[in-house]
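Biologist: I have not looked at this one before. Can you put it up and take me through it?

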Amino acid sequence: MASVPMQQYLDDAGLNRQHVFALEQLPAEVRAPLELQPHERQLILLAHAGRRLWQRVQAQPGAEAIAHPIDTYSVDAARRWLAQALPRARCRIVYPNGLPAGRHVALQRLGGLAGWHHATPFMLGIDAHYGSWFAYRVAIITDTALPPTPPRQGSHPCLGCSAKPCISSCPSQALASGTLDAMSCQRHRLQPDSVCALDCPARTACPVGTGHRYDSSQIRHGARASLAALQRLAAEREA
Ligand code: B12
Ligand code: SF4
Ligand code: SF4
């Protein structure tokens, strides 16, 4: 991707997906939560795909004591990259933790515009190469005038998947309608000894990109955080 300076640096850091968007070309509902300033012109989205990022995260000194090791590592790596690749740019990190509570950067929507995201029945993005084994790591608003990245062209793997093993592998039938019944999924994950507490059998059953599937420590790390979020949501509902 020639439009991102020092792409090799980011690839090596495990932030191996990069896309430069022109802010003026983004849909209004994607721009709205960002509260853009007049000098801001571009959004640089960094994502990881496959296993390298987690290897780099674990290699951080004291990684096991860091509360949010992936975010901490990703932001540090992005700041180091910005300092070297775009030293004169005015930059604002809007993801992670860049916006006030309750406002989200529309990451999956941006992924769709970049050509990375095709929606699966279980609501994660998928592409033909990495399967669903990718996630968004850092979104940066800048005043740069880099060449915008052309969207990646790729087919939607689910359209050619007639067996759809993700749907049949979901033990709570949360995907039976062809798309996620989030409440059914949540109830199942919160049951004692649920097989879905720290794993998603539907995601694991997908045959696309299996060579890039996270190792079990990364799967469990991500699932622990989302399970904790679900436990907080359930407690709020009961309060
Ligand atoms: C809130 C949230 C959750 C909540 C969702 C439930 C809820 N009641 O809100 C919980 C905690 C359950 C969750 C879980 C997970 N999440 Co989540 N989540 C988010 C978050 C922070 C915000 C989504 C949101 O509310 N957007 C606002 C609303 C208004 O937007 P929306 O357009 O209505 O919704 C869009 C998406 O959010 C999606 N969607 C809608 N409902 C659900 C439900 C689930 C479970 C998911 C994954 C997506 C999803 O569909 C829309 C597509 O455009 C995004 C990050 C972001 N900033 O987008 C990550 C995000 C969607 N999650 C992500 C991931 C990876 C996960 C987990 C796999 C983490 C894990 N390892 O366990 C699990 C999913 C497995 C499962 N079955 O539980 C990734 C998806 C990456 C990808 N390849 O597509 C994101 C983009 C974060 C990231 N940094 O990349 N998540
Ligand atoms: S199993 Fe088939 S339908 Fe399900 S996510 Fe994978 S490719 Fe898509
Ligand atoms: S976590 Fe479990 S219940 Fe939720 S979609 Fe995945 S397999 Fe289905």
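Biologist: Let's start with ligand 1. How many residues surround ligand 1, and which are the closest?

Modeller: This is a predicted model, so read everything as computed from it. In it, 23 residues surround ligand 1. The closest are G125, A135, Y136, G222 and S226.

Biologist: Which elements supply at least two residues of that shell?

Modeller: α5 (107-114), β6 (134-142), α7 (182-190) and α9 (216-238) each do. α9 gives the most, with six residues.

Biologist: And how do the residues of that shell divide by class?

Modeller: Around ligand 1 there are 15 nonpolar residues, seven polar and one charged.

Biologist: Back up a bit. Into which domains is the protein divided?

Modeller: There is domain 1, residues 7-142, and domain 2, residues 157-238. Their centres, taken over C-alpha atoms, are separated by 23 Å.

Biologist: How many residues are in contact between domain 1 and domain 2?

Modeller: On the domain 1 side 17 residues, and these are in contact with 20 residues of domain 2. The domain 1 side of that contact consists of 10 nonpolar, six polar and one charged residues.

Biologist: Which domains does the shell around ligand 1 draw on?

Modeller: Domain 1 and domain 2, with at least three residues from each. The shell around ligand 2 also draws at least three residues from each of domain 1 and domain 2.

Biologist: Ligand 2, then. Which residues are around ligand 2?

Modeller: T120, P121, I126, P157, C158, C161, K164, P165, C166, C206 and V208. By class, that shell has nine nonpolar residues, one polar and one charged.

Biologist: Change of topic: the largest nonpolar core. Which of its residues touch the most other members?

Modeller: The core has 37 residues, and L15, L45, L46, A47, A78, V138 and A139 touch the most other members. Elements giving two or more residues to this core include α1 (7-13), β1 (17-22), β2 (42-49) and α4 (69-85). Another core, of 13 residues, lies apart from it, with F122, I167, A174 and L175 among its members.

Biologist: Pick L15. What does L15 touch, not counting residues up to four places away in sequence?

Modeller: L10, L46, H48, L53, S74, A77, A78 and R137.

Biologist: Last one, A59. Where does A59 lie?

Modeller: In the loop between α3 and α4.

Biologist: Is A59 buried or exposed?

Modeller: A59 is exposed, because it has 9 other C-beta atoms within 10 Å, and the cut-off for exposed is 12 or fewer.

Biologist: What separates the C-alpha atoms of A59 and L159?

Modeller: A distance of 38 Å, and along the chain A59 and L159 are 100 residues apart.

Definitions and conventions
Residues numbered from 1 in each chain as written. Chains lettered and ligands numbered in written order. Predicted model: local features only at pLDDT ≥ 70, side-chain atom pairs only at ≥ 80, totals over all residues. Near = placed C-beta within 6 Å. Helix = DSSP H or I, 4+ residues; strand = E, 2+ residues; numbered from the N terminus. Nonpolar A, V, L, I, M, F, W, Y, C, P; charged D, E, K, R; others polar. Domains from an automatic or database assignment. Core = buried A, V, L, I, M, F, W, Y, C linked by C-beta atoms within 7 Å. Buried ≥ 20, exposed ≤ 12 C-beta atoms within 10 Å, placed from the backbone. Contact = placed C-beta atoms within 7 Å.
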